Amino acid sequence: MKKDISIYIHIPFCQKKCVYCDFLSFAGCTYAKQLQYIDALLQEIKLYKPYADRYKVRTIFIGGGTPSLIDEVFIGNILSTIRSVFEVDRFPEITIEANPGTLKYTSLLAYQTHGINRLSIGLQSTDDEALKMLGRIHNFDQFVATYKSARRAGFKNINIDLMSGIPGQNEHSFVETLMKVVEFNPEHISVYSLQVEEGTPLYNDEELRNLIPDEDMDRRMYAMSKKVLAVNGYERYEFSNYSKPGYNCRHNIVYWTGGEYIGIGLGAASYFKGQRFSNIRDIDSYIEIFQKNQSAIAAGEDRFKVYDDVAGELRTGTETIYIDSRMEEFMFLGLRMIKGVSRAEFKARFSKDIYEVYGPVINKYVSEGFMISEGDNVRLSDRGIDVSNIILSDFILDR
């Protein structure tokens, strides 16, 4: 019986960095550098051959950066290499992130040919001034053209990313964005609050930071997203994610429910064989590792040794996840889901009743109205979601 696995592919290239972005991505890479990077990605996928026959790939997510910026041939090579190494589910969810202004109709057709069946479009706002302020490279009209092209190309599962708390935004302009987006009837909508990260241009621009809505207004925007999207047929299944029935993002649910996943590429994170680790973040070093080990990976001899040797060079922060850490993650990731966590699943994974481990914490927050225990599920109430950071911190076990 093969175990389920998900694969994340990181494409770090962008046409331009947004003012708020602290992701591992960069603009200005040459085509030659992209080609070297993709070659390294393919080698990293092949590195997993010793273990691949134990797993079946259920979801693949190609993120970035801006994956739609690179040649669609590269995307095809990545997916065909995954299929050559792993058994892929007959009906996988395969997502690619795309930004309006970087996506051609021919690319969309090619994605379909390669088996990509879910498109995630980074819109953020329907207000052109807000988009310009954020450093986005597209305007709303370009989004409209991209969305219509995606439908014409045959995509039947589209997510649209939106952002609240943008400088100068208010409840009215945020609801206007929501209403314009639901008119397109996408299958999935993600609504994230803008986070100001140290070291970004936004963090260093005091004038722009002063235009960011305060916490109370941002909370009201969050509440409005739930109301507006519910009325239009979207179910909130995670703090920031809404979908039509049957269109939850299967890949992200793997993260929130403690499933195994492999991160391929620069800085990509994995949870694999009971260990959590990330890849190195320097692109030249990443490329060099796989150029140096390409022959050994291709040779097929001593594959477990090659895997261990290359992993030793490639990975940072490797941590074995023991049972206490696994229980903690089960709770503070699972409680991000609106349905919460399952008592039966907790018992199956850890051979303990959830109340045996977390009874005092759960009972405290249930009595205060911040959590709800109902049947098999323990979940946060709407009040609890508003103060979730405080509540979730109480699920860290004393060691």
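This note goes through a few strands, a charged patch and some salt bridges in the structure above.

1. Basis of the note. The model is predicted, and for that reason local features need pLDDT of at least 70 and side-chain atom pairs count only at pLDDT 80 or more, while totals for chains, interfaces and linings use all residues. Residues are numbered from 1 along each chain as its sequence is written, and side-chain values use heavy atoms, with hydrogens and water left out.

2. Strand β6. Helices (H or I, at least four residues) and strands (E, at least two) are DSSP runs that are numbered from the N terminus. Strand β6 covers residues 118-124, and seven of its seven residues are buried, so the strand is largely enclosed by the rest of the structure; here buried means under 20% relative accessible area, exposed means over 50%, and partly exposed lies in between, with a 1.4 Å probe and protein chains only. In a regular strand the side chains alternate between the two faces of the sheet. In β6, Arg 118, Ser 120, Gly 122 and Gln 124 point one way, whereas Leu 119, Ile 121 and Leu 123 point the other way, and all are buried.

3. Neighbours of β6. Two strands pair if DSSP finds at least two bridges between them. Strand β5 (residues 87-98) runs parallel to β6 and is joined to it by four bridges, and within this pairing Glu 97 stands opposite Ser 120. Strand β7 (residues 158-164) also pairs with β6 in the parallel sense, over five bridges, and there the bridge partner of Ser 120 is Asn 159.

4. A separate sheet. Three strands form an open sheet in the order β15-β17-β16, with antiparallel pairing. Its edge strands are β15 (341-342) and β16 (371-374), each of which pairs on one side only. Between β15 and strand β17 (residues 377-380) there are two bridges, and Val 341 stands opposite Val 378 in β17.

5. A negative patch. Asp 127, Asp 128, Glu 129, Asp 141 and Glu 176 form a negative surface patch. Patches are made of residues with over 30% relative accessible area and no salt bridge, and like charges are joined within 9 Å. Glu 129, one of the patch residues, is found in helix α5 (residues 128-134) and is exposed, with a relative accessible area of 57%.

6. Salt bridges across the chain. A salt bridge is a side-chain nitrogen of Lys or Arg within 4 Å of a carboxyl oxygen of Asp or Glu, and a search of the whole structure finds 20 of them. In one, Glu 87 meets Lys 56 with the closest N and O atoms 3.4 Å apart; this pair links distant parts of the chain, since Glu 87 is in strand β5 and Lys 56 is in strand β4 (residues 55-64), 31 residues apart. Glu 87 counts as partly exposed at 34% relative accessibility.

7. Two further pairs. Lys 364 forms a salt bridge with Asp 394, the closest N and O atoms being 3.8 Å apart. Lys 364 lies in helix α15 (residues 354-367) and Asp 394 in the segment after α17 (388-393), so the pair ties together parts that are 30 residues apart in sequence. Lys 364 is partly exposed at 39%, and Asp 394 is partly exposed at 31% relative accessibility. Arg 379 and Glu 374 also meet in a salt bridge (3.8 Å, N to O), in which Arg 379 is partly exposed at 24% whereas Glu 374 is exposed at 52%.

Definitions and conventions. Patches are made of residues with over 30% relative accessible area and no salt bridge: like charges are joined within 9 Å, nonpolar side chains (Val, Leu, Ile, Met, Phe, Trp, Tyr) within 5 Å. Accessible areas come from the Shrake-Rupley method with a 1.4 Å probe; for residues, only the protein chains shown count as cover. Lys and Arg count as positive and Asp and Glu as negative; His and the chain ends are not counted. The place of a charge is taken as NZ of Lys, CZ of Arg, CG of Asp or CD of Glu.
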